[in-house]
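I opened this notebook to record what I looked up in the structure. The entries follow in the order in which I made them.

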Amino acid sequence: GTYAAAEATSCTQCPAGTFSTVAGGSDASCLTCNAGQYSSEGSTFCTDCAAGTFLDGVGTAEANCTACSPGYYSDAGASECTACPATTRWNESTLACDTCGPGFYAPAASVECFGCPAGKFSAVAGASEASCLDCEAGQ
């Protein structure tokens, strides 16, 4: 996490947002963290933003990581969040997208599963209400 210029009398810490694992290197040994990561001054490694958060650039502290919006998710170290796919809903307690069951539908980025209306059914989860089929007469 440090370097020294030629004829230096002391070492200098690599700036926040960078890291170095090289002992006795120059300022060129300070490497920039990847998007989705952060580091403090003098770091020897970068830290990934936690799952459920993102950072579209390089940060200098965990506080730079932003929570994904409801209906979106991310893995650790993400530079953006991804919408929960159709037929799933965002589960805030698990920070994951859960599959809707038969008789329900959910568009992409949904925070809930919607039930098919009365008189309609669906044998599998659908992406929209159009996936709910009419029941036959007498059913």
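**Salt bridges**

I began with Asp 98, which counts as partly exposed because its relative accessibility is 25% (buried means under 20% relative accessible area, exposed over 50%, partly exposed in between, with a 1.4 Å probe and protein chains only). I noted that the model is predicted, that local features need pLDDT of at least 70 and side-chain atom pairs pLDDT 80 or more, while totals for chains, interfaces and linings use all residues. Residues are numbered from 1 along each chain as its sequence is written, and side-chain values use heavy atoms, leaving out hydrogens and water.

I found that Asp 98 forms a salt bridge with Arg 89 at 3.9 Å, N to O (a side-chain nitrogen of Lys or Arg within 4 Å of a carboxyl oxygen of Asp or Glu). Arg 89 is partly exposed, at 27% relative accessibility.

I counted 2 salt bridges in the structure. In one of them, Lys 120 meets Asp 134, with the closest N and O atoms 2.8 Å apart. This pair links distant parts of the chain, 14 residues apart: Lys 120 is in strand β16 and Asp 134 in strand β17 (strands are DSSP runs of E, at least two residues, numbered from the N terminus). Lys 120 is partly exposed at 31%, whereas Asp 134 is exposed at 55%.

**Ser 74**

I then located Ser 74 in the loop between β10 and β11. Ser 74 counts as buried, at 6% relative accessibility. I recorded that a polar atom of its side chain lies 2.6 Å from the backbone oxygen of Thr 53.

Note on methods
Helix = DSSP H or I, 4+ residues; strand = E, 2+ residues; numbered from the N terminus. Polar contact = N/O pair within 3.5 Å; in protein donor to acceptor, adjacent residues only side chain to side chain.
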